[in-house]
Amino acid sequence: MSGDMIQVRNLCKEFKITRRIRKELGAGAPAGKTLTAVDDVSFECKPGRVFGLLGPNGAGKTTALRLIATMLKPTAGTIIVGGADTATDPRGVRDRIGFLTGNTGLYDRLTATEMVRYHADLHLMDPDRFEERRRMLFATLGIEEFANRRIARFSSGMRQKVSIARTIIHDPDVIVFDEPTTGLDVMTSRGIVNLIRQCRDEGKTVLFCTHIMGEVKLLCDDIGILHRGRMYFCGTKEEFEGQMTHASYEDEFIHMVGEAA
Amino acid sequence: MNRTITIAKKEFTDVLRDKRTILMMIVMPLLAIPLLMTIVIKVVQRQERKADEEQIDLAVVGAGYAPRFFETLQADSQFVIREDVREADFESLIREDSLDAGIVIPPDFQDRIGADEQASIALYYRSSSSFKVAEQRLRGAVDSYDEEIVDGRIRRLSLDPNLFDAIAIEARDISTMQEVLGKTVGGFLPYMFVIFMFTGAMYAGIDLSAGEKERGTLETLLSSPASRLEIVLGKFVVVATIGIASALISMLGLYLGVRGAIGEIPPEALDVVWDILSLKVVVMIATLLLPLAAFFSAMILALAIQAKSFKEAQSILTPFSIVIILPVAFGLLPGIELNAQTAMIPILNVSLATKEVIAGTINPVHLAISYVSLFALAAASLWFCVVWFNREETLFRN
């Protein structure tokens, strides 16, 4: 077995276009009966490294992450996370990952502590271990002062902190971030960037999905560029920079995606 | 199982902090029946008082042809007699509400009565107006005068009064008051219980499915180690419990309503009402409502998870609420009884069985068939719900 924590091989995902979906999509609906969201995609993520999955809106990034998190089933291909196959051991996969979406996904009527405890309980965490992790995370993220207040009254920054605590309370080997800084202010975004670095330094495998090139340059060790469901580039940051024909990451990305179009 | 309990505990905490759920689960069921009882009692009392106090403008033409009868009418304080109106004006005056009714006594009235013949009186009234009560009173006055005349004739001719009553019915009603109340009020109660159970479960069910989608929390829940089955079961338990709780709270509302109306209910009926609200009856009704709550909860979750938002889920479930009310309403129709066939029809069987339980006339075989039918439906709807929660198109419509 290789040292890869996430192995994605020839991954494909097609969605059936039902009448209802076609009606909802209107003029933007595809002509065929299916929509290929992810098309023959392969990549690996290693422990202690950040893999940046980049792509414009609708590239298939979120679908790929949902497939890795076993929320969706692949049409073809395989995904192995920490030795567990998503097809045969989906619970084993979900046990190993923490998944953070751009949408904070919190329950407004719960307190920060209740929210985090809920996810710890879903991971069947030992109460002592939970309390130890909770104290550490709440202190690191600065949640302690509003730990017993209901989430409904939190600012977006406070919400994102609770969301992070929820994601990593069970100390997962793999952390998946799906556009985690979308809609956040500079300070909160910087906090998340620091957290991703910390996770990497602790030897975690980080899969980071974004379309903000500044964050890619700052954080990623490996890069995958996804467009219209296909992987257009997959390699290390150095390999990406070595084949760049434009001055900035952003220009290179636009050039690459534009050529593909 | 641990994760199902975790989900259920969290959902309980979450929904019980939702004002909307509290309103639909506790406040509405608790207050609706006492409020309804108070309104009905007050309206009936008001109508009775109004009917007692109401005076009727009665025009009489030909009063001189039946002086004895006319005296009877004049002696009744409910009638304001007018002799200044012509028969030709009766119709127009009654139509414009200047007159309630008019009677015309023909010139040969007294002669025909004297000759032991049948005399007639013409009565003008408007059945579409509120004169219905007045008509009954006027008929009452005529009947009592008629009886007086007939009695006089029987005495004068030395006839046996039984000559005109060939058959006397000696009615012996073997129904207990509990049975009578069960068949009348008993039909109305399941209607209330089912409605409150559905609405209570509906708001919680939407919040835990479409609401979860709308808030973006479903995705994080799906990325946890909990399986889809555990997620569905955790939510299902909470929604079903809230549905049952709403129905039981409406029973408590009924109890409070009866306590509040003790002075208005006849003592003999009150004893029966307390028997109806006994622990045994309440437990039997609750066991009937249990599988129904399971069916409602599973259907609500399965349908609401299709929606992208709370609002969309409401619009999906509103027609469904009409579909479930229809069988309950059907159970209110006269002649529809619980038998082997109707016991197999879900919802209708709850409505009919509740009536029988309250009346104390429930057939155990029919009750067993009802349970089997309801549990089968609940199991099927739960399976259906799990299938929907496993469909990617349902969970990720975007």
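How many salt bridges does the rule find across the interface of chain A and chain B? The legends below begin with that interface.

This is a predicted model, in which local features need pLDDT of at least 70 and side-chain atom pairs count only at pLDDT 80 or more, whereas totals for chains, interfaces and linings use all residues. Residues are numbered from 1 along each chain as its sequence is written, chains are lettered from A and ligands numbered from 1 in the order in which they are written, and side-chain values use heavy atoms, with hydrogens and water left out.

**View 1. The interface of chain A and chain B.** The rule finds seven salt bridges across this interface, a salt bridge being a side-chain nitrogen of Lys or Arg within 4 Å of a carboxyl oxygen of Asp or Glu. In one salt bridge, the side chains of A:Arg109 and B:Asp14 meet at 3.1 Å, N to O. Chain A brings 30 residues to the contact and chain B brings 31 residues, where contact means heavy atoms within 4.5 Å. About 3100 Å² is buried between the two chains, 50% of it given by carbon and sulfur atoms; buried area is the accessible area (1.4 Å probe) that two parts lose on being put together, summed over both. Of the area that chain A buries against chain B, A:Met71, A:Tyr107 and A:Arg109 supply 23%, more than any other three residues.

**View 2. The packing of helices H1 and H10 of chain B.** Helix H1 (residues 2–15) of chain B packs against H10(B) at an angle of about 45°, with the axes 8 Å apart; helices are DSSP runs (H or I, at least four residues), and strands are such runs too (E, at least two), numbered from the N terminus. Axes are lines fitted to C-alpha atoms, for helices over the stretch in contact, and angles run from 0 to 180 degrees between N-to-C directions. That angle makes H1(B) oblique to H10(B), because angles under 35 degrees count as roughly parallel, over 145 as roughly antiparallel, 65 to 115 as roughly perpendicular and the rest as oblique. Among the residues that meet are B:Ile7 and B:Phe12 in H1(B) and B:Val238 and B:Ile242 in H10(B).

**View 3. A salt bridge within chain A.** A:Asp108 and A:Arg159 form a salt bridge, with their closest N and O atoms 2.8 Å apart. This pair links distant parts of the chain, 51 residues apart, with A:Asp108 in the loop between strand S6 (97–101) and helix H4 (112–122) of chain A and A:Arg159 in helix H6 (residues 156–168) of chain A.
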